[in-house]
Amino acid sequence: MAELRDPNTKSMRTTRRTAVGLILGAPLLAACSGTQQTLSSQFGQQPNAPEAAPQSQSVGSGRVKVGLVLPLSAPGNAGVAAQSMKNAAEMALAEFNNPDVQLLLKDDAGNPQGAQAATQQALDEGAEIILGPLFAQSVPAAAQLTRARGVSMIAFSTDSSVAGRGVYLLSFLPESDVNRIIGYASSVGKRSYAALLPDNAYGGVVEAAFKQMVGTKGGRIAAFEKYGADRAGPARTIAQALSGADSLLLADDGDALASVSDALTAAGADLRRVQLLGTGLWDNPRVFATPALQGGLYAAPDPSGFRSFSARYRTRFGQEPVRTATLAYDAVALVAALARTQGPQRFSSAVLTSPSGFAGIDGLFRFRADGSNERGLAVMRVATGGGQPVAGSPKSFGA
């Protein structure tokens with residue numbers, strides 16, 4: 001398992017990149033962990049994005065060239081996130097003790113045409129691997145070029161449908177959250193599940209993972225509903241069926257989740273008699289402040305790593321990082337470690353899909369052959385002061 005270590009202390013749990021070694025045949029990197037928040041677009045396509053601006057910059061002077069494609073000139077939250085991810089990437093390079101890496105920073109403006117142009121430029125300049133793009137619709141456009149060159153891509157989209165054949169996703173995938181929380185619920189004796197999910201793309205992914213994981217664990221689905229603008233009707237159906245369930249999965253964020261819990265309570269559901277289960281979107285102050293959700297369990301990265309990362313980021317840049325900044329940090333740390341330890345095959349599929357995986361800011365992760373990822377997540381309990389750890393993240397994938 002490759003591990004990315006924290007910068008300023010000697011402890012494995014603290015901060016600063018130190019030497020790179022080998023564990024279980026996989027490269028050793030160094031890092032920490034954190035909590036989860038996504039852009040409102042869920043890393044889908046950024047709407048009304050301008051054409052890509054001709055921005056090009058490089059960081060570092062190493063021989064191993066790495067393209068980093070981000071929507072730096074995109075409007076709104078996308079541009080803010082891109083700048084924070086760019087800062088995090090530069091921070092990773094600085095903390096890795098002079099790796100033999102040169103980052104080729106490219107702006108895709110948040111659209112497929114820009115992503116293709118930015119990727120082409122990076123490849124023409126000798127990039128051996130591409131990090132990014134951020135948005136789902138930009139990934140296939142860029143992947144046409146990387147696949148033609150036999151170059152791997154580590155993208156940041158949360159849409160697993162764009163992964164595959166040399167395109168790996170380093171992001172927070174809903175599937176990992178569902179697998180972890182249902183797996184944990186099953187391990188403590190839960191067998192009968194209900195679910196009330198949003199009728200959108202995120203809800204669709206959660207639904208598929210939920211049904212598969214319940215079946216894998218030998219459980220049963222007592223009730224299942226999806227909601228759109230009308231939450232009262234589906235909430236009534238679930239409330240009436242809860243007598244036959246010991247757990248209820250809700251997968252939404254902040255205000256939406258509070259509204260769903262209100263609808264369930266109004267429909268007569270006693271949420272205290274079932275175990276509430278959720279995804280990483282629950283890691284939200286609005287959720288912690290909702291009385292009906294107290295005691296609910298959700299899957300998320302252990303928060304200690306992101307706290308440490310944020311402190312270093314604030315010291316360096318004088319501002320808070322966006323939550324997704326850790327993705328760029330871990331991607332750069334990963335390629336730096338592989339460049340140092342894995343020789344000419346450093347970015348091959350065999351190396352990237354090491355079953356031992358890697359350890360980063362947000363804990364363990366590994367890439368699957370289909371390009372999706374698996375994360376080692378903690379189980380957290382909702383409390384008024386924030387999430388409280390119930391079950392820690394795994395120390396290894398057991399490979």
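Modeller: The model is predicted. The open sheet has seven strands, in the order S12-S11-S13-S14-S15-S19-S20, and its pairing is mixed. Strand S12 (220–227) and strand S20 (388–391) stand at the edges; each has a single partner strand, so one side of each lacks a neighbour in the sheet. From one strand to the next, the twist averages 30 degrees.

Within this sheet, strand S15 (residues 297–300) and S19 run antiparallel and are joined by four bridges. Tyr 298 has Met 380 in S19 as its bridge partner. Helix H4 (residues 174–187) lies across S15, S19 and S20, and also across strand S11 (192–198), strand S13 (247–250) and strand S14 (275–278). The direction of helix H4 is at about 135 degrees to S15.

Gly 376 is found in the loop between strand S18 (373–375) and strand S19 (378–381). Gly 376 has a relative accessible area of 3%, and because the limit for a buried residue is under 20%, Gly 376 counts as buried. Leaving aside residues up to four places away in sequence, Gly 376 touches Asp 362, Leu 364, Ser 393, Pro 394 and Phe 397. Its C-alpha atom is separated by 9.2 Å from that of Asp 302, 74 residues apart along the chain.

Thr 326, in helix H10 (residues 325–341), is also buried, with a relative accessible area of 0%.

Methods
Residues numbered from 1 in each chain as written. Predicted model: local features only at pLDDT ≥ 70, side-chain atom pairs only at ≥ 80, totals over all residues. Heavy atoms only, no water. Helix = DSSP H or I, 4+ residues; strand = E, 2+ residues; numbered from the N terminus. Buried < 20%, exposed > 50% of the residue type's maximum accessible area, 1.4 Å probe, protein only. Contact = heavy atoms within 4.5 Å. Pairing = 2+ DSSP bridges. Axes fitted to C-alpha atoms, helices over the stretch in contact; angles between N-to-C directions.
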